Amino acid sequence: MPATTTLYLTPDDWSAIRLSLALAGIVTLVLLVAGTPLAWWLARGRSRWRLAVAAVVTLPVVLPPTVLGFYLLLALGPDGPLGRLTQALGMGLLPFHFSGLVVASVLYSMPFVVQPIRNAFVAMGERPLEVAACLRAAPLDAFFRVALPLARPAIVAAAALGFAHTLGEFGVVLMIGGNIPGSTRVLSMQIYDHVEALEYAQAHWLAGGLLASSFLVLLALYRLERRAGVPGAGA
Amino acid sequence: MLAATLQRALPAFTLRAELQVPAQGVTAVFGPSGSGKTLLLRALAGLDRQARGRVAFRGQCWQDDAQGRFVPTHQRALAYVFQEPSLFPQLSVRGNLEFGFVRTPAAARSVGWHQAIELLDVGPLLERAVDALSGGERQRVAIARALLASPQLLLMDEPLAALDVARRREILPCLLRLHRELSLPVIYVSHQIEEVTALAQHLVLLQEGAVLASGPTAQMLARLDLPTAQDEHAGVLIEASVVSHDADFHLARLQFAGGQIELAHGPISQGTRVRIRVQARDVSLALSAHDDTSILNRLQAVVVELGPGINPAHAMVRLDAGGTALLARITARSARQLGLAAGSRVWAQVKSAALVE
């Protein structure tokens, strides 16, 4: 039997899987580091811009990915404001590169990470932080030692959601990254190409794998949630 | 001395509190629900940035909006016990207790680890998870946690309010012990006059956001012009010392400025200084001495003034028994029938009295 049929997946398939996993991993990491303070600010900031920023962060939930991808393409392009910035910084242009995918995916998956964390921060209320302040903890200390541990179930859930969501994204990536093998051709794109080429068996392996792994991630998430009880519930 | 002038606007009323309380002993802030007690306490702690004014404690300025000065809560030498224990659920009992303890520089530690654990009797709970504790245990841990931050001022917001009567009885002695053993000034918010009587040497009465009166508890409780006299459990506090103990009948005889009083009590040694609480509803009045009565304690007294009672059927009478103030709650009709007025000589029959500590 030829190697391709015993392996079931072509080297191109593997490359797309690796790319998708790398993208999802980096995006999740970026979102945890940047999204947690953002969620904190959205939950307890006093700025009048808070609601507007909350709405912007949530936009990707309701917008077709193509809309987001289109405007990102323009903004990051040679004549776009962000494109000029990246060129001035010596980073070149991001579209049709892996880094462009990262930027686009961070924006696209942001609500799925920021919302659950923000909700946990809202649910825990002021009290734990007030208690911490009355026990000599400075605000930053209270954030790391009280708020973050209390929000931990939500943060784990947010990371899983962000990861799974980035893994499955298609529209934004297509708009901003094109379909360059080994550089921007991610899993969902590879599946699309297989289907276009009527390689249904190949498509099944990838699509089925994505379906199963997404299901497992969500299942693990719900089990975690049940074990942790309601996130942020105080005693 | 804790001195504060605070203002805080709310939809229902504006808190305008001027407060001068000694920086020692227990000061109770007493008032009905919604009188601004918690608001005042939070403002003192710096938890409410909307509150404007001045707060100074032992010469340290904690807040002075005129000078744009505000010391954030975590830099004020205070601890706060909330009405709900508010333990950190992700930490064990030990973790909760350590939280403030490890953040206190060793040189600033005024309460020892073992001392706090023994005072609140939380030793057996140390390794337990917070959600495995009963309500009373949680509040004891919360109080111990506050003490272990070695505060110079302890703020307590109705720490017993969320507990049933049995749990209160379990914690109240802990609080009394705490006040006896630590020279830690406490501001204690409560709407329970029994708690106030048992714990506080100084009383601040709050009504609709303003300080109505403040002063030593015993003096305040004897006044008819304050809402404390309208409480179901209105009564006075009397300083006394033990004269003798009757083991057969289980009675202690106590001497105070206005005479002697006997009350049910276990063995107690002669000369012990005690405080007796006599509730107004347990004092009845007669114009002559009755010997054919089950009431043990009869004190000669002079009526000082009469005031309204908790409802129109009642009247409050303030008496002077040889220099000691007593309150009696009788019916308005009895007051009329006996022809009571300031200067009337009466016998006060004290049906029951209790030692406070």
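Student: Is Gly136(B) buried or exposed, and how many other C-beta atoms are within 10 Å?

Tutor: Good place to start, and remember that this is a predicted model. To read burial, count neighbours: a residue is called buried if 20 or more other C-beta atoms lie within 10 Å of its own, and exposed if 12 or fewer do. Gly136(B) has 20 other C-beta atoms within 10 Å, so Gly136(B) is buried. You will find Gly136(B) in helix α4 of chain B.

Student: Which residues does Gly136(B) touch?

Tutor: Leaving aside residues up to four places away in sequence, Gly136(B) touches Leu163(B), Arg167(B), Glu170(B) and Ile171(B).

Student: What about Pro105(B), buried or exposed?

Tutor: Use the count again. Pro105(B) has 8 C-beta neighbours inside 10 Å, so Pro105(B) counts as exposed. Its place is the loop between α2 (93–102) and α3 (113–119) of chain B. For a sense of distance, take Leu306(B): 201 residues along the chain from Pro105(B), with 55 Å between the two C-alpha atoms.

Student: How do I read a helix, and which residues of α5(B) are buried?

Tutor: Here is the general idea: an α-helix has 3.6 residues a turn, so residues three or four places apart point the same way. Now the case in hand. Helix α5 of chain B covers residues 165–181, which is 17 residues. From first C-alpha to last, α5 of chain B reaches 25 Å, close to the 24 Å expected at 1.5 Å a residue. The buried residues of α5(B) are Ile171(B), Leu175(B), Leu178(B) and His179(B).

Student: What covers the buried residues of α5(B)?

Tutor: The cover includes the strands β3 (26–30) and β9 (186–190) of chain B, together with the helices α3, α4 (135–147) and α6 (193–199) of chain B.

Student: Which residues touch the most other members of the largest nonpolar core?

Tutor: First the general idea: in soluble globular proteins, nonpolar side chains tend to be buried together. In this model, the largest nonpolar core has 166 residues, and Leu326(B) and Ala348(B) touch the most other members. This core draws at least three residues from each of domain 1 (2–221) and domain 2 (235–355) of chain B. Not counting residues up to four places away in sequence, Leu326(B) touches Val236(B), Val278(B), Val283(B), Ala301(B), Leu319(B), Ala321(B) and Ala348(B).

Student: How many helices and strands are in chain B?

Tutor: Chain B has eight helices and 21 strands. To judge how compact a chain is, compare its radius of gyration with a rule for its length. Chain B has a radius of gyration of 22 Å, close to the 21 Å that the globule rule gives for 357 residues, so chain B is as compact as a globular protein of that length. Of those 357 residues, 43% count as buried.

Student: How many helices and strands has chain A?

Tutor: Chain A has eleven helices and zero strands. Its C-alpha trace spans about 70 × 45 × 30 Å along the principal axes. Buried residues make up 38% of the 235 residues in chain A.

Student: How many residues of chain A are in contact with chain B?

Tutor: To read an interface, ask how many residues take part, then which elements supply them. Here 15 residues of chain A are in contact with 20 residues of chain B. Both α7 (127–134) and α8 (139–167) of chain A supply at least two residues each to chain A's side. The most comes from α7(A), with six residues. By type, the side of chain A that touches chain B has eleven nonpolar, one polar and three charged residues.

How values were computed
Residues numbered from 1 in each chain as written. Chains lettered and ligands numbered in written order. Predicted model: local features only at pLDDT ≥ 70, side-chain atom pairs only at ≥ 80, totals over all residues. Contact = placed C-beta atoms within 7 Å. Helix = DSSP H or I, 4+ residues; strand = E, 2+ residues; numbered from the N terminus. Nonpolar A, V, L, I, M, F, W, Y, C, P; charged D, E, K, R; others polar. Rg over C-alpha atoms; globule rule 2.2 N^0.38 Å. Core = buried A, V, L, I, M, F, W, Y, C linked by C-beta atoms within 7 Å. Domains from an automatic or database assignment. Expected span 1.5 Å × (residues − 1).
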